[in-house]
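Have the coordinates open while you read.

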Amino acid sequence: QVQLVESGGGLVQAGGSLRLSCVASGLTFKGYTMGWFRQAEGQEREFVAAINWNGGITYYANYARCRFTISRDNAEDNAENTVYLQMNSLKPEDTAVYYCALTHGLWTPVYSMRNMSPDSASWGQGTQVTVSS
């Protein structure tokens, strides 16, 4: 059974940085795309960034492209991996719960995570990011 555990959220002032982590376990991760989404209070969940199984291909929402960086560390046997989201120059509008996702299908193109159905992935419990002005 896949498990995704996020950490690294917190309270930060505008202009500051945070690094989110998502530890994934429970299957062999070769071929699985992962990504980050966020949901602000009262709003729908939105795509942030995605990364392919070996970290060689990334894709970002326009608002995240210049400020956020997604990366990935895979264990040698691909039995566990960690996905990171480095967030710089944070703004109050970045305040949200950030969720890690792992696609159910193999070799999912990174750009397709943007509009995928929530049922198409496994999700973590989320980590709160609050940016004060």
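**Notes on the model**

1. A polar contact of 2.7 Å links the side chains of Asn81 and Arg72; by polar contact I mean a pair of N or O atoms within 3.5 Å, where within protein one must be able to donate a hydrogen and the other to accept it, and residues adjacent in sequence count only if both atoms are side-chain atoms. Keep in mind that this is a predicted model, in which local features need pLDDT of at least 70 and side-chain atom pairs count only at pLDDT 80 or more, while totals for chains, interfaces and linings use all residues. Numbering starts from 1 along each chain as its sequence is written, and side-chain values use heavy atoms, with hydrogens and water left out.

2. Staying with Asn81: this residue sits in strand S8, residues 80-87 (strands are DSSP runs of E, at least two residues, numbered from the N terminus). Asn81 is buried, at a relative accessible area of 1%. The scale here is buried under 20% relative accessible area, exposed over 50% and partly exposed in between, with a 1.4 Å probe and protein chains only. Beyond its neighbours within four places in sequence, Asn81 has contacts that include Cys22, Phe29, Met34 and Asp73; contact means heavy atoms within 4.5 Å.

3. Which residue is the bridge partner of Asn81? It is Ala24. The strands involved, S3 and S8, run antiparallel and are joined by 8 bridges; two strands pair if DSSP finds at least two bridges between them.

4. That pairing belongs to an open sheet of 4 strands, ordered S1-S3-S8-S7, with antiparallel pairing. Its edges are S1 (3-7) and S7 (68-74), each of which pairs on one side only. On average, neighbouring strands of the sheet are turned by 15° against each other, direction ignored; the axes behind that angle are lines fitted to C-alpha atoms, and angles run from 0 to 180 degrees between N-to-C directions. As a reminder when looking at the faces: in a regular strand the side chains alternate between the two faces of the sheet.

5. Now the cysteines. The whole structure has 1 disulfide, the term being used for a pair of cysteine sulfur atoms within 2.5 Å. Cys22 and Cys100 form it, with their sulfur atoms 2.1 Å apart. The link between Cys22 and Cys100 is left-handed, with -75° about the S-S bond.

6. In S10 you will find Ala121, which is buried at a relative accessible area of 6%. Leaving out residues up to four places away in sequence, Ala121 touches Ala101, Leu102, Thr103, His104 and Met116. For scale, the C-alpha atoms of Ala121 and Ile70 are separated by 18 Å, and the two residues are 51 apart along the chain.

7. Two backbone angles deserve a look. Ser89 has a phi near 50°, positive in a residue other than glycine. Ser89 is in the loop between S8 and S9 (96-106) and is partly exposed, with a relative accessible area of 42%. Trp107 also has a positive phi, near 55°, and is likewise not a glycine. Trp107 falls in the loop between S9 and S10 (121-123) and counts as exposed at 52% relative accessibility.

8. Last, look at Thr108, in the loop between S9 and S10. A polar atom of the Thr108 side chain lies 3.0 Å from the backbone oxygen of Gly105. Leaving out residues up to four places away in sequence, Thr108 touches Gly31, Thr33 and Thr103.
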